[in-house]
Amino acid sequence: MKERIYHLFENSGELSPQVILLNIIMAAVLGMFIFFSYMITHKGTIYSKKFNASLVVLTVLTGTVMTVIGNNIALSLGMVGALSIVRFRTAIKDSRDTVYIFWTVIVGICCGVGDYVVAAIGSAVTFLVLLVFGLIKSDNRMLLIIRASRKRQSAIQAYVFQTFSHKAILRVRNTDDENVEFIYEITSKQLQEVENNNDDFIDSIYQLGGIEYVNVVMQNDEVSN
């Protein structure tokens, strides 16, 4: 019984230097594929060169670790214990970044155990899915910010309510002794329709009187204000 347990925790076989090198090279190659995929699907201020380069390194490191672990249960348990005490505090700017992190880890695991075909096919399908869904764009959110005298808040609310046909969503209302600030959430389509019907939309708000400023801010996945 003891011998069976001992053999269970032993490595099932020695890997040749050629196999080890092939595992790591394939992890690097597929890591570069992930690199170019991230570059293509991320545009604008959200793209990070450092994060993209880290994806390649993470793929290689995961492949290296999996090559070392192999079928050795003792090393596997030790690796799980080591990772359980590591805490990552890097902020993720885009939810898709989490997908890329998992992608690199999975590719590294596949390459580490020699399943190159699975890693390649999975990476190709993942890239196509990200590319297709990347073409689907949601309507950008717009924030209409109005600061004015508190005496005019009823008039402002009534005007915005009527102008946007009850579709403008009041997100924030800040007040002090003399002033009030409204932040409405609208869509770019709603704003475009209003501006088509009224070229002097902003001027119409100022004509209500007591207006300190009117700001229109775009809020999307890339820039958060």
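This is a predicted model: local features need pLDDT of at least 70, side-chain atom pairs count only at pLDDT 80 or more; totals for chains, interfaces and linings use all residues.
Trainee: Why is Asn-52 called buried?

Mentor: Buried means under 20% relative accessible area, exposed means over 50%, and partly exposed is in between (1.4 Å probe, protein chains only). Asn-52 has 0% relative accessibility, so it counts as buried. This residue lies in helix 3, residues 49–69. Buried residues make up 30% of the 225 residues in the protein chain.

Trainee: Which residues does Asn-52 touch, leaving out those up to four places away in sequence?

Mentor: Asn-52 touches Ile-34, Phe-35, Tyr-38, Met-39 and Tyr-47. A contact means heavy atoms within 4.5 Å.

Trainee: What makes a set of residues a nonpolar core?

Mentor: The members must be buried Ala, Val, Leu, Ile, Met, Phe, Trp, Tyr or Cys residues, joined through side-chain atoms within 4.5 Å. The largest such core here has 19 residues, and those with the most contacts inside it are Leu-144, Ile-146, Val-160, Phe-164 and Phe-201. At least two core residues come from each of strand 1 (141–149), helix 7 (153–163), strand 3 (179–187), helix 8 (188–197), helix 9 (201–206) and strand 4 (211–219). A second, separate core has 15 residues, including Tyr-38, Phe-51, Tyr-116 and Ala-119.

Trainee: Which residues is Phe-164 in contact with, beyond its neighbours within four places in sequence?

Mentor: Phe-164 is in contact with Leu-144, Ile-186, Gln-190, Leu-191, Val-194 and Phe-201.

Trainee: Is Phe-133 buried or exposed?

Mentor: Phe-133 has 56% relative accessibility, so it counts as exposed. Phe-133 lies in helix 6, residues 116–134.

Trainee: Which residues form the nonpolar patch on the surface, and what makes it a patch?

Mentor: Its residues are Val-117, Ile-121, Val-125, Val-129, Val-132 and Phe-133, with about 580 Å² of accessible area together. Patch residues have over 30% relative accessible area and no salt bridge; nonpolar side chains (Val, Leu, Ile, Met, Phe, Trp, Tyr) are joined within 5 Å, and like charges within 9 Å. Accessible areas come from the Shrake-Rupley method with a 1.4 Å probe, and for residues only the protein chains shown count as cover.

Trainee: How do you know that strand 2 and strand 3 pair?

Mentor: Two strands pair if DSSP finds at least two bridges between them. One of the bridge pairs is Asn-174 with Glu-181.

Trainee: Why is the pair of Glu-185 and Arg-171 called a salt bridge?

Mentor: A salt bridge needs a side-chain nitrogen of Lys or Arg within 4 Å of a carboxyl oxygen of Asp or Glu. The closest N and O atoms of Glu-185 and Arg-171 are 2.8 Å apart, so the pair qualifies. Glu-185 lies in strand 3 and Arg-171 in strand 2, so the pair ties together parts that are 14 residues apart in sequence. Glu-185 is buried, at a relative accessible area of 18%.

Trainee: How many salt bridges are there, and which residues form a network?

Mentor: The structure holds 3 salt bridges, and those that share partners join Arg-147, Asp-176 and Glu-212 into one network. The closest N and O atoms are 3.6 Å apart for Arg-147 and Asp-176, and 3.0 Å apart for Glu-212 and Arg-147. Glu-212 lies in strand 4 and Arg-147 in strand 1, so their pair ties together parts that are 65 residues apart in sequence.

Methods
Residues are numbered from 1 along each chain as its sequence is written. Side-chain values use heavy atoms; hydrogens and water are left out. Helices (H or I, at least four residues) and strands (E, at least two) are DSSP runs, numbered from the N terminus.
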